[in-house]
Amino acid sequence: MSSALPEQAHFHLPDFGSLDPQRFGEAVRAALATQRQGLDEIGEAVAPPTEDSVIGAWERAGVAQRRACAALFTVRDADTTAELDALCDELAPELAAHDDSIWLDARLYERVRATQEAADKGALNLDAQARWWLAEVLREFARHGVQLDAPHQERLRQLNATIASLESTFSQLLVTGRNAAAVPIESEDELAGLSEEQKDRARRAAQARGRQGWLLELVNTTNQDWLAALDRQDVRQRVFEASVSRGATGAGATGASVVRLARLRAERATLLGFDSHAAYVASAGCAKTVEALQPLLDRFSELAVRQARADAQRYERAFAQCAPGLDFRPWDWAWVAAKLRAEDAVDDGELRPYLEFHRVLHEGVFEAARRLYGITVHPRGDLHGYTPDTSVHEVREEDGTVLGLLVIDPWARPSKQGGAWMTDLVARSQLLGDLPVVTLNTNIARPRKGEPALLSWDQVITCFHEFGHCLHGLFADSRYPSMSGTNAPTDYVEFPSQVNEHWALDRDLISHYARHWNTGEAIPGELIDRLERGRLADIGFEDLETAAAMQLDQAWHSAPLDELPTEPLQVDDFEARALAARKVDVELVPPRYRTRYFSHIWAGGYDAAYYAYLWAEVFDADACAWFDANGGLNRQAGERFRREVLAPGGSVDVMETYRAFRGADPDVEHLIARHCR
């Protein structure tokens, strides 16, 4: 059997149907060997360096590795099995060792450094992309310890391998814990307040696991959609407590992994010469230092706490009228907020009939992209994704030129990670001539056959957000695949996706895509008015749960090694002290993710970087102000944003690309104004 990654006929789309765990393992290991061989040739070369013999050769050497790992981890995150989990556990230390073999290779380092020196002396005529590649790769060599002595490099290798294994383990425990925490319901009386569609979803969830009654499955976040609708406080309490207690005990317990990850990351940062893991991570982003990002985070947190406390007083009074004699508790917040929204703004129960998934996607998300950029999306029934749930689409330019492929995977299932995300299966590259292949993953409840999938407003925003990431990958127009599209600093990469959310509430567009699933009637203007008024209705809660999670992430990754927990039972205490010290400990508003199920920072690549969503929103709010001043959803504005922001990706300094687009650095006051009620 060939060890190469099998592909379908077009676009280097993997032939997932012929990939089982054994074939995946063979493909990944063969790709690592191919990359190592190509890099060895660079390191051993003695001829004067050129752009192609160093940069081009480096990028070509990594093609197979990028594609094989992207395919594997796409399937692992979206439709895992025990065999696939076991393979990822095996590969984690191998991949870490492979990375170390690159970044600790003195020959490679010297070859890249010689290339930069030749360019500095004028012996090589390099453009901005090539110079940026050299600067970034040399910075990565330094950040990965190439200048450490041999004993310290050996310890670094051990740390990297163990950290990689722990991250893989945490990812698996997270899914186990979330599935185990689903709340069983035996009596329909306990479901009072749920819609028939929600009840049906809970009934089907129970049936899928061979159980009687109903099952309230959980999503990744602390807050659960069920809480806004369930009328019985005792049931709301059960759901809330099941959510916040995930990862504490049982087969899905994550405390041991969390403690070891935090401590090993802190040790590694010290070894590499950084004050903390947070400082290490910030050095690779736009913020550059923890000291630069913390004032924004603290200012945002203070605003969120102030607005949340004011809302808490108002909600407590309302709760006393709705549920006399009961104490207002954290599990009651979403419920009473929904009651108040129904009076003035609009709740999901009113909106859902107008938000059918396929229409939202095609007449909303894709239509916004057509109006901005001229692109269209067309099904490719001859191509297949990694499960029967997926559909493959060809994205075309206005003139019909093929831009790339989009793989859509909408439905929730027990084998899938929670949340929503985009991945690059193939990165666009001028060097290789590759067209992009991207995935759009959400976790929408699967409807019964023949029935509509009706979305909440949050799910609509999620679809726009994730397709914003897809656009970043599809519009990439850079030479080197490793710096193409979303391969940009973590605290910048969320910016284009957040801008794309802006179009969900465009008055003309929402009238186009928000139509009653049964009658075809457009959403009433009065509902749009109320939706706009309600945008800030619960901003205190939304901002505080996010700010608390950001501060919690920074606390775990800024603490000195001797202040970190040493055993799982200390995790909750560390969390409580961290939230209090950072002044975001409001009992009624817990963090969006508690430590034990905070997948972004323990397995999702956002360790010490969850702040990136806020930092990126500074760019987002500033850019949206520009769009509003330049006609909003129109081709001229879209083309400029595509050319100046989306196309360069991470191939040059993103701050320079933003200044080219806006003419100045982003103004933080646009962000603050957006969040003030």
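Which residue just after H25 takes a positive phi? In this predicted model, the residue is Gly663, with a phi of about 85°. The legends below begin with that helix.

View 1. Helix H25 spans residues 654-662. At the N-terminal end, H25 is capped by Asp653, which places a side-chain oxygen 3.0 Å from the backbone nitrogen of Met655. Just after the helix comes Gly663, with its positive phi of about 85°.

**View 2. The buried residues of H25.** Val654, Met655, Thr657, Tyr658 and Phe661 are the buried residues of this helix. Because they cover an arc of only 160° around the axis, they lie on the same side of H25. The buried residues pack against three helices: H17 (490-501), H23 and H24 (635-646).

**View 3. Ser429 in the loop between S6 and S7.** Ser429 is found in the loop that runs between S6 and strand S7 (437-444). With a relative accessibility of 3%, Ser429 counts as buried because this value is under the 20% cut-off. A polar atom of the Ser429 side chain lies 3.2 Å from the backbone nitrogen of Leu431. For the backbone nitrogen of Leu432, the distance to a polar atom of the Ser429 side chain is 3.1 Å. Apart from neighbours within four places in sequence, Ser429 is in contact with Asp434, Ser478, Arg479 and Pro481.

**View 4. Lys416 in the loop between S5 and S6.** Lys416 belongs to the loop between strand S5 (402-411) and strand S6 (421-426). Lys416 is buried, and its relative accessible area is 0%. When residues up to four places away in sequence are not counted, Lys416 touches Asp77, Ala78, Arg178, Asp409, Pro410, Trp411, Trp421, Asn441, Thr442 and Asn443.

**View 5. Lys583 in the loop between H21 and H22.** Lys583 lies in the loop that joins helix H21 (571-581) and helix H22 (599-602). Its phi is near 60°, a positive value in a residue other than glycine. The relative accessibility of Lys583 is 67%, so this residue counts as exposed, the cut-off being over 50%.

**View 6. Ala608 in the loop between H22 and H23.** Ala608 is part of the loop between H22 and helix H23 (612-629). Phi of Ala608 is also positive and near 60°, again in a residue other than glycine. Ala608 is buried, with a relative accessible area of 0%.

How values were computed
Residues are numbered from 1 along each chain as its sequence is written. This is a predicted model: local features need pLDDT of at least 70, side-chain atom pairs count only at pLDDT 80 or more; totals for chains, interfaces and linings use all residues. Side-chain values use heavy atoms; hydrogens and water are left out. Helices (H or I, at least four residues) and strands (E, at least two) are DSSP runs, numbered from the N terminus. Buried means under 20% relative accessible area, exposed over 50%, partly exposed in between (1.4 Å probe, protein chains only). Contact means heavy atoms within 4.5 Å. A polar contact is a pair of N or O atoms within 3.5 Å; within protein, one must be able to donate a hydrogen and the other to accept it, and residues adjacent in sequence count only if both atoms are side-chain atoms. The arc is that of the directions from the helix axis to the C-beta atoms.
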